[in-house]
Amino acid sequence: MNRATAMPWNAIEAELDAFGCAVLKGVLSSGDCRQLAATYAEDDQFRKRIVMARHGFGRGEYKYFAYPLPELVKDLRHSLYAPLAAIANRWNEQMGIDVRYPGQHEAFVERCRAAGQDRPTPLLLEYSEGDYNCLHQDIYGAHVFPLQVAFLLSRPGEDFTGGEFVLTEQRPRMQSRVEIVPLQQGDAVIFPVSHRPVRGTRGYYRVNMRHGVSRLRSGKRHTLGIIFHDSK
């Protein structure tokens, strides 16, 4: 099933251009969210577990899926890639970056594999009370797809409190701008991996982006992250 077909891509593109992020409402059902969150306990679905505190990434943990990906994760990664590739190509043109992305995700994955990036990067994240994710960028090799998507699988105010998605933007010679993105269960946020174009008085220029999660005040929070480039 192509979940991206019915999405309002003109509005999504306009939000990404204006604010550096766009929210997709109700992409996953509550059943989808429960199913994905429950997968966190199934170690055979994953290739690696990361405890954030051991690496200075924050507090909490996450697991990278192994190939073959679960069907729902595979479907999301495949269906969202094509419309995002069109936006990514336009952004690179505006920023004077020569890299262009093929229209199909399989072709981009082959590009990654040829460079030794053959480990899947979609992941599940689990936060408990007091956990947080430091501001960061998800870059795993020479080939980086410039947009990624995070899906909230838990219910804010019921399963957890706190734990807001945070995006920061550093423009040249200016103080950082912060965007707090409110999400409900099943919503997704599209955002840049590392930078995006912004129009100035002399044309477009590149701004640096980082993302993270604020401290969880109570409960437990699960998130699905869809990254389109693979890792070395």
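## An aromatic cluster

Which residues form one aromatic cluster? They are Tyr81, Tyr101, Phe108, Phe145 and Phe228. Keep in mind as you read that this is a predicted model.

A search through the whole structure turns up twelve aromatic pairs. In one of them, the ring centres of tyrosine 81 and phenylalanine 228 lie 6.1 Å apart with their planes at 55°, so this pair is tilted. The pair brings together distant parts of the chain: tyrosine 81 belongs to helix α4, while phenylalanine 228 sits in the segment after β14, 147 residues apart. Both tyrosine 81 and phenylalanine 228 are buried. If you are new to such descriptions, a pair of aromatic rings is described by the distance of the centres and the angle of the planes.

## The largest pocket

Let's turn to the empty spaces. Rolling a probe the size of a water molecule over the atoms shows where empty space is left. The largest pocket has a volume of about 500 Å³. It is lined by 34 residues, and those closest to its centre are Tyr62, Leu123, His136, Asp138 and Tyr140. Several strands give two or more residues to this lining, among them β2 (46-51), β4 (61-65), β5 (123-128), β6 (132-136) and β13 (203-213).

Which element provides the largest share of the lining of the largest pocket? That is β14, with four residues. By residue type, the lining of the largest pocket divides into 19 nonpolar, ten polar and five charged residues.

Two elements, α4 (71-95) and α5 (105-114), each give two or more residues to the lining of the second largest pocket. The largest share, five residues, comes from α5. Sorted by type, the lining of this second largest pocket has four nonpolar, two polar and five charged residues.

Most residues other than glycine have a negative phi, and most peptide bonds are trans. Tyrosine 67 and proline 68, however, are joined by a cis peptide bond, with omega at about -5°. You will find proline 68 in the loop between β4 and α4.

## Charges over rings

Arginine 47 places its charged end over the ring of tyrosine 64, 4.6 Å from the ring's centre. Lysine 63, in turn, lies over the face of tyrosine 40, at 4.4 Å from the centre of that ring.

## Cysteines without disulfides

A disulfide is a covalent bond between the sulfur atoms of two cysteines. How many disulfides does the structure hold? The count is zero.

Cysteine 134, by contrast, counts as partly exposed because its relative accessibility is 30%.

Is arginine 155 buried or partly exposed? It is partly exposed, because its relative accessible area is 36%. Arginine 155 lies in the loop between β7 and β8 (160-162). Although 65 residues separate arginine 155 from lysine 220 in sequence, their C-alpha atoms are 9.4 Å apart in space.

Leucine 183 sits in another loop, between β10 (177-181) and β11. With a relative accessibility of 9%, leucine 183 counts as buried, because the limit for that label is under 20%. Leucine 183 and arginine 202 are 19 residues apart along the chain, and 35 Å separates their C-alpha atoms.

Notes: Residues numbered from 1 in each chain as written. Predicted model: local features only at pLDDT ≥ 70, side-chain atom pairs only at ≥ 80, totals over all residues. Heavy atoms only, no water. 1 Å grid on protein atoms, 1.4 Å probe; cavity = no way out; pocket = protein on both sides within 12 Å on 5 of 7 lines; lining within 4 Å. Points joined across faces, edges and corners; volume = space filled by probe spheres on them. Nonpolar A, V, L, I, M, F, W, Y, C, P; charged D, E, K, R; others polar. Phe/Tyr/Trp six-rings, centres within 6.5 Å; stacked < 30°, edge-to-face > 60°. Buried < 20%, exposed > 50% of the residue type's maximum accessible area, 1.4 Å probe, protein only. Lys NZ or Arg CZ within 6 Å of the ring centre and 35° of its normal. Disulfide = S-S within 2.5 Å.
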